[in-house]
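Here are my notes on this model, as numbered points. Please read them with the structure open.

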Amino acid sequence: MNIDRNLIRLLNEERRSFVLSGIAGSLSALLLVAQSWSLSALFERLFRSGGGWNAILPDLSLFALASLLRLIAGQAGNQMAKCGTLGIRGRLSERLAGTVAGLGPAFTRTEQSGRLVTTMLKGVESVDPYFSQYIPQLLMALVVPVVILAAVFPSDWIAGTILLLSAPLIPAFMIVIGKRAKTATEQQWGTMSRMSGNFLDMLQGLTTLKLFAQERARRDGIAEASENFRRSTMQVLKIAFLSSLALELVGTAGTALAAVSIGLRLSSGAMPFRPALFILLLIPDFYLTLRQLGIRFHAGMEGVTASKEMHAILDRSGEASPLAGGMEPAPGEAASRPIVVESLRYTFPGGAHPALDGISCTLRPGSVTALTGPSGAGKSTLINLLLRFVEPQEGTISLGETQLSRYAPEAWYRQVAWVPQHPFLFNATIRENLLIARPNASGTDIDDVLRQAGLLDFVRSLPDGLDTAIGEQGARLSGGEAQRLSLARAFLKDAPILLLDEPTSNTDPILEAQLRAAMEKLMKGRTVVMIAHRLESIREADTIVVLEGGRITQSGTHAELAATEGFYRRALASSTEVAA
């Protein structure tokens, strides 16, 4: 059977809805028997006894009442199952979003965006048929055949035996064909996830692909992925149709065998008319319930496959940062106290070597600390730890004497402004993107920060000014304009701690000089930690920290490090850039 333990746990959370749905289904099965019994009595009186209207009225009324109540019970059962399904989908979406948010950028950066979105949206949607169709039908398949057999055996043990012996053939075919269906559905889901991830990656990197004339190769790759998805989908449909054919054959054969047996005995006078008609009316519903289970089996298969992808994320909830602190920094505390890093260690899940291996340093209040070193040295990991996107596995980060983990996440985030290498800009207006930093900012405040970031004249030249929509990821802005808007947002937040993650990378020297001038205004009076790969960006820092292999190998001013043998001096000698 198509039973998934993770989905059953979700089902238990909406137990009441599905229990009521099962009760309604059981009532519907009993009403089916009453409906068939009253109809067989009606026809017997009408055609064999020659009864008039008064004679058939009780049976006709019973049939009408049973039909109406069965309709109501069926609709009520469906509605309860749908209500339970909506509750499960809501909880599942909330948990997925919460887990992804808890795992933070350290997790999302290692996942394909398209594949992650497919799992969170399409995956949740795919469990709908499992709960709203398959589970109710499974309950019906457990109840209806038993009720019908209980009604048939007292009337005719031969027909009851035929039904009893043929019924297991349908689940047997479901299990045999279901193994192939499971494999095909998993392949289909995997193909769709990969295609979604690759397609979104291609769209996001379309400019780069055009620059290197690789759009044709990627287009061919998307076409091949689409064809593979089509083939996998057709394979799933082929198995589903094969399953339907097999179940129909079993149901038809069982119905025919029982009908012939009843017909021969009825024609010979060995069986009364009423029980014969009663059983013949029940037999189609006996097999219909089992055949529909086979159909719902395939409808729910995608939900089982999607569940594996979703719970692969949910099972990592234990890796989420334990942001459970409740304190809030006192006014001015973040601006006046040092940030102390002690024996800090962090290894990414699945990593063979630690990204940070026992580093210790002190970030003095109001000072500028620059992080440099080769790629993979641990600079971005340290920034992520300061941002509390991840928590230290060993060691501590403290604001003065208080560990960061003791502060409420929202309280700590209010003390920090972050300007990443690739700032995220929403598909909204310039004003809305700025107000994320301080929702109650006035128009004068916005003009001031735009002026400081060197964007005021540009914004005023736009037809809609601050109400100009900039597109997803600032698509309608140049790279420099997007970086300045990110700096303006940091100006508007006016936080005492500023984290800069290579904000001038991928810019020409003129634009870098303009951005650096804006950053110098932003850094005044703040505790600043910055990652930079260009010498001009870090030579004026109060302290330059060199990270190599997750450890601090050098620390000092530009003059001190330039006079000391090590990575920084070699970088000066080889080029005007410090490797990222």
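1. Start with glutamine 483. This residue sits in helix 17, which covers residues 479-493. Keep in mind that the model is predicted.

2. Is glutamine 483 buried or exposed? Its relative accessibility is 6%. The cut-off for buried is under 20%, so glutamine 483 counts as buried.

3. Which residues does glutamine 483 touch, leaving aside those up to four places away in sequence? The list holds Val419, Pro420, Gln421 and Pro423, and also Pro503 and Leu515.

4. Next, the chain as a whole. DSSP runs give 21 helices and 10 strands. The chain has 580 residues, and 48% of them count as buried. Glutamine 483 belongs to that buried group.

5. Now the contacts across the chain. Take pairs of residues at least 6 apart in sequence: 78% of their contacts join residues at least 24 apart.

6. The surface comes next. The protein chain exposes about 28000 Å². Carbon and sulfur atoms supply 58% of that area.

7. How many bridges join strand 4 to strand 5? There are 2, and the two strands run antiparallel. Strand 4 spans residues 394-399. Serine 398 has glutamine 403, in strand 5, as its bridge partner.

Conventions:
Residues are numbered from 1 along each chain as its sequence is written. This is a predicted model: local features need pLDDT of at least 70, side-chain atom pairs count only at pLDDT 80 or more; totals for chains, interfaces and linings use all residues. Side-chain values use heavy atoms; hydrogens and water are left out. Two strands pair if DSSP finds at least two bridges between them. Helices (H or I, at least four residues) and strands (E, at least two) are DSSP runs, numbered from the N terminus. Buried means under 20% relative accessible area, exposed over 50%, partly exposed in between (1.4 Å probe, protein chains only). Contact means heavy atoms within 4.5 Å. Accessible areas come from the Shrake-Rupley method with a 1.4 Å probe; for residues, only the protein chains shown count as cover.
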